[in-house]
Amino acid sequence: MRRSEGSRGSGAGEDGHRAGGLPLELNAFVGRSAELTLLGAALDASRLVTVTGVGGVGKSRLAARAAARVRPRDGVWRVELSALREPELVEYAVLESLGLTDHTSRPPRRVLLEHLAERELLLVIDGFEHLVDACASLVGALLRHAAGLRVLAAGRRPLALEGERVLPLAPLTEEDAAELFADRAVAGAPGFALDDGNRADVLDLCRRLDGLPLAVELAAGRLRALSPAQLLARLDDRFRLLTGGGRDALPRHQTLRTAIGWSHELCTPEERLMWSRLSVFAGTFDLEALEYVCGGDGLHHDNILDVLGELLAQSVVTREDTAAGVRYRMLDTVRAYGADWLEATDDGVRLRRRHRDWYMGLATWCELDWFSPRQREVAARVEAELPNLRCALEHCLSEPDGGHLGQYLAGTLWFYWVGCGRLSEGRHWLERSVGLSTEHERSRLKALWVLGYVAILQGDAVPAAAALEECRQKAERGRNATALAYAEHRTGCLALVTDDMPRARTLLRSALDRYHEIGELNSNVLMAQVELAMALAFQGDLPGAVRLCEEVRQICVDHGERWSLSYALYVLAYAAWTEGDLPRARLLLTECLDISHVFHDLLGTVLAVELLALVTVAEGDAFEAAVLQGSASRMWPSVGLPLFGSAYYNAPHEQCAATARARLGDERYEECVREGARLGREAAVGRALGRTRPRPLGVLPAPRGTVTPPDLRKPAGSPTRERGETAG
């Protein structure tokens, strides 16, 4: 099929080809270049192509633009079915659109078949979703008997015919949506343009409107009276705010509510019920969560998959393939419409509690499964479920009787806060939860020691000590051996990073004994052993440190645990560097950094980069060592106090800096540090692992030699003893 690439409008083309009913474009067509290319390729490859998507996403406009580029011999003809209600009139509507009149007694389908039999044309069918059965029957018959016919359909669901190619249309990107907003805004606010003063508000507005072109255009129309910032402030009631489409727009496109409500009208009672119940989810969700939260009470479990399939077919729900498996999503605008219906049924409280219960159970399972070969899958699962977990936490902490549940959930997610780079957010939930008084002491004690742990890693010693001391005292009074072991362990960790090595050794050994007595074995227990090994290494007992970490390494191999293994490898690498075995140190740190980066563990990542810088300068490459130190300096503010403000942890950093500075000179050293500080985390990790190590022209490698490890039994002076910036 011939295609024209240069047409801006969608009426008759330059060669005079017939375009029956294609609307002329009255304003700019924004974005969608990739989608137009895909749609053009689909039209070349298939005789039936259907553009699907939620109401207001721009299906009709895209189909018309794509159709205007096509040059079939007998033209392009458009059939608009949105105003039609009777299925038996579909054939007559197609006849009318083709400009056919027939006064005989022949059935309309026969007339169409005879007319199209020898013709080559493109038929564009728009707005068919409420007449899908009648349309599918007619289109199937026409395609079977008219070899020169191609059909481009646009609707909220596929026709489900053999040979159909479906192009699901996603919302606009933020940048394209902002461009559309700016273009449409000029009509109501002449002179409006995107600039530094309003760009952030407009981008936020487009993001909250899901990039739906209809919603963006309606919002732009409000600039007659409101600024972008004022629009944002009023967006919680988007359905009242976003009205007033043009008088020539289809009725269902004159307000956002009617655009989404049109899809709702096409749903069965079960589909509407599921739609409303799905509104309790945030972000994406999986089938198991849907079945538990939404099933029952009018929605039989045996029917759930079929009902979900219909919502997917109607573009109310979309499917995504993720690292955590198949997941489903509703646009925020679609979800908000369902939430209104849920509140109208007075079932919202029950559904939100079921949602909370499901995610508390999920967090419990993930904590247990963290100490297993599925650790990476657990991290991906919690990352995918984070919006829902936040909702569950907010629900717990907002309910009068839910404080202990919030404490339990915030504490149970310790592995995610600590192991996956979420220290700041974890601290937010933990502080909120322990600020509530509850009668469930066990949950509160866990939240307290986890809060102490998070604060330690952020370099915030005073709040950490307060939380751990409260946990210890209450655990002793309540004879809670588990909480006491964890409080003692984390207090030992605090002693380690505040340079009190004798106390750290005593507390960590005692905590390990307590863990053994209660039969506890998990990633925390292994970390206690690694932290004890670090204390030994700092005091010069390298054989003892290596022995402990090799034991941890073996347990990790036996259980498939990777996160704790990364810290054991860090200590082993430190010992190897201290003994002058640089190849072994680099090998161990490479594996350590790979693991930490996979888990998004910022602390593990930046510690490994710091130590790799030291190994690199010891290998003779002062330039690269300074770059790595610069990249680490950029990461620390997202973690907390650099190197915990510890003189022991800081001594290798200072030695690396001094050696590199001596070899490069002050000016060149600072230049290299600034270069490293410009690297994003991905680039910095790639650089540290040796995947990309460019060297500027004119810079020669420093002479290779060894750097003598310092005696770390006595701490070096640290310039970072004052508390630094915590993650914000």
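The structure is a predicted model, in which local features need pLDDT of at least 70 and side-chain atom pairs count only at pLDDT 80 or more, while totals for chains, interfaces and linings use all residues. Residues are numbered from 1 along each chain as its sequence is written, and side-chain values use heavy atoms, with hydrogens and water left out.

A cavity is a set of points, on a 1 Å grid over the protein atoms alone, where a 1.4 Å probe fits but cannot get out; its lining residues have an atom within 4 Å of a point. Points are joined across faces, edges and corners, and the volume is the space filled by probe spheres set on them. Two cavities of 30 Å³ or more are counted.

The largest cavity has a volume of about 210 Å³. It is lined by 18 residues, of which Met527, Glu531, Tyr567, Leu607 and Tyr649 are the closest to its centre. Helices H21 (441–457), H23 (481–497), H25 (523–538), H27 (563–578) and H29 (602–618) each give two or more residues to this lining; helices are DSSP runs (H or I, at least four residues) numbered from the N terminus. The lining comprises 17 nonpolar residues, no polar residues and one charged residue. Here Ala, Val, Leu, Ile, Met, Phe, Trp, Tyr, Cys and Pro count as nonpolar, Asp, Glu, Lys and Arg as charged, and the others, Gly among them, as polar.

The second largest cavity has a volume of about 80 Å³. Its lining includes Phe538, Tyr570, Leu607, Glu610, Tyr649 and His653. H27, H29 and helix H31 (647–664) each supply at least two lining residues, and H29 gives the most, with four. By class, this lining has nine nonpolar, one polar and one charged residues.

How values were computed: 1 Å grid on protein atoms, 1.4 Å probe; cavity = no way out; pocket = protein on both sides within 12 Å on 5 of 7 lines; lining within 4 Å.
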